[in-house]
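I am opening a notebook page on this structure. My entries follow in the order I looked things up.

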Amino acid sequence: MNAPLASVQAANLKDAEKVAYENNKLEKRLCRLMGQAIGDFNMIEDGDRVMVCLSGGKDSYGLLDILLKMRQRAPINFDVVAVNLDQKQPGFPAHILPEYLKKIDVPFHIETQDTYSIVKRLIPEGKTTCSLCSRLRRGILYRVAGELGATKIALGHHRDDILETLFLNMFYGGKLKGMPPKLVSDDGKNIVIRPLAYVREQDLARWAELKQFPIIPCDLCGSQENLKRKEMKAMLRDWEKRYPGRIKSIVSAVSAVTPSHLMDRSLYPFETLHATGQADVNGDIAFDEDPCANDAGDLKSIQIAAFNED
Ligand code: SF4
């Protein structure tokens with residue numbers, strides 16, 4: 001027997017309310033995490049002109065969208081200018097971003113530079129083109145930032161990009177090095193910021209779907225996405241599935257580094273270390289049992305200092 005119309009309508013209404021509630025929660029979370037990252041790292045100051053690099057992917061759309069929301073409620077004034085670099089990749093739909101940016105009424109600049117041909121000319125067929133391509137792109141964006149009078153360059157890298165980079169560097173580069181939320185550019189002239197540093201990729205994907213951003217595919221150049229990065233992404237996903245909370249713990253760990261308990265002699269003066277004769281309550285417990293040894297996987301005991309995702 002069919003359910004009465006009134007109960008079907010009530011159920012639909014309930015579903016719609018639930019979806020609206022979840023969407024609202026997502027928006028609040030995105031704003032809160034971006035606000036937290038901006039505050040924690042003093043990314044944006046009064047009077048800044050922030051150049052948002054827009055590729056046409058879900059992350060950079062999310063960055064611009066949430067930053068504009070944050071600007072409305074920020075206690076400081078700052079300008080936003082969106083910049084896209086048209087690298088002349090075959091099939092790049094050059095009309096999409098200008099149309100979108102006009103629609104949302106954001107000042108923008110499209111820089112056209114045929115880096116695609118340069119990369120194709122210089123890199124032998126079958127070799128990875130990303131490294132030269134991104135070096136060229138970086139140089140162009142730094143120059144454009146100067147021409148536009150931008151004081152900050154905002155990039156759309158998120159928390160998962162940062163963690164993937166951390167493990168890439170550790171596994172393949174022999175370095176404990178992630179992706180900084182704020183840095184001085186290699187030409188020394190710009191401050192680059194990553195306001196999505198605390199934001200999960202899955203939240204940006206949901207936001208992009210919800211907002212129906214006109215996404216431009218990222219494989220137009222024909223280059224394969226870095227396979228090693230894919231491997232890191234899969235590893236982190238698998239860890240999180242098998243050990244819920246592990247990602248939070250890793251994020252917390254990169255925000256709470258103890259140089260005296262690593263082995264980098266440039267960060268800690270091991271050579272000149274002497275006993276002080278003074279007891280230190282926060283001192284080392286070198287002879288104690290490893291606190292995690294009997295309780296592996298119990299992440300409740302770990303202080304998640306950086307932020308709360310919910
Ligand atoms: S995927 Fe293509 S556009 Fe992106 S960095 Fe690599 S070569 Fe450049």
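**Loops and exposed spots**

I began with Asp105, which lies in the loop between helix H3 (96-103) and strand S3 (108-112). Helices (H or I, at least four residues) and strands (E, at least two) are DSSP runs, numbered from the N terminus. I noted that this is a predicted model, where local features need pLDDT of at least 70, side-chain atom pairs count only at pLDDT 80 or more, and totals for chains, interfaces and linings use all residues. Residues are numbered from 1 along each chain as its sequence is written.

Asp105 is not a glycine, yet its phi is positive, about 60°. Is Asp105 buried or exposed? Asp105 counts as exposed, because I find 7 C-beta neighbours inside 10 Å. The cut-offs are these: buried takes 20 or more other C-beta atoms within 10 Å of the residue's own, exposed 12 or fewer, partly exposed falls in between, and C-beta atoms are placed from the backbone.

Next I looked up Asn42, in the loop between H1 and strand S1 (49-53). Asn42 also is a residue other than glycine with a positive phi, near 45°. Asn42 has 9 C-beta neighbours inside 10 Å, so it counts as exposed.

Ser7 sits in helix H1. Ser7 is exposed, with 9 other C-beta atoms within 10 Å. I checked a distance from there: the C-alpha atoms of Ser7 and Arg159 are separated by 43 Å, and the two residues are 152 apart along the chain.

**The whole chain**

I listed nine helices and six strands. The C-alpha trace spans about 70 × 70 × 45 Å along its principal axes. Of the 310 residues, 23% are buried. I then took contacts (C-beta atoms, placed from the backbone, within 7 Å). Among those between residues at least 6 apart in sequence, 79% join residues at least 24 apart.

**The sheet**

In what order do the six strands lie? The order is S3-S2-S1-S4-S6-S5, in an open sheet with mixed pairing. The edge strands, S3 and strand S5 (182-184), each pair on one side only. Two strands pair if DSSP finds at least two bridges between them. On average, neighbouring strands of this sheet are turned by 25° against each other, direction ignored.

S1 and strand S4 (residues 152-154) run parallel, joined by three bridges. Val50 stands opposite Lys152 in S4.

Helix H5 (residues 130-148) lies across S1, strand S2 (79-86), S3 and S4, at about 145° to S2. Axes are lines fitted to C-alpha atoms, for helices over the stretch in contact, and angles run from 0 to 180 degrees between N-to-C directions.

I turned to H1 (residues 5-40) and H2 (residues 58-73), which pack at about 75° with axes 10 Å apart. That makes H1 roughly perpendicular to H2, a label for angles of 65 to 115 degrees. Leu30, Cys31, Met34 and Gly35 in H1 meet Ile66, Lys69 and Met70 in H2.

Met34 turned up again in the largest nonpolar core, which has 41 residues. Such a core is a set of buried Ala, Val, Leu, Ile, Met, Phe, Trp, Tyr and Cys residues joined through C-beta atoms within 7 Å. Met34, Met51, Val52, Cys53, Ile153 and Ala154 have the most contacts inside it.

Which residues does Val52 touch, not counting those up to four places away in sequence? I found Leu63, Leu64, Leu67, Val80, Ala82, Val83 and Ala154.

Conventions: Two residues are in contact if their C-beta atoms, placed from the backbone, lie within 7 Å. Angles under 35 degrees count as roughly parallel, over 145 as roughly antiparallel, 65 to 115 as roughly perpendicular and the rest as oblique.
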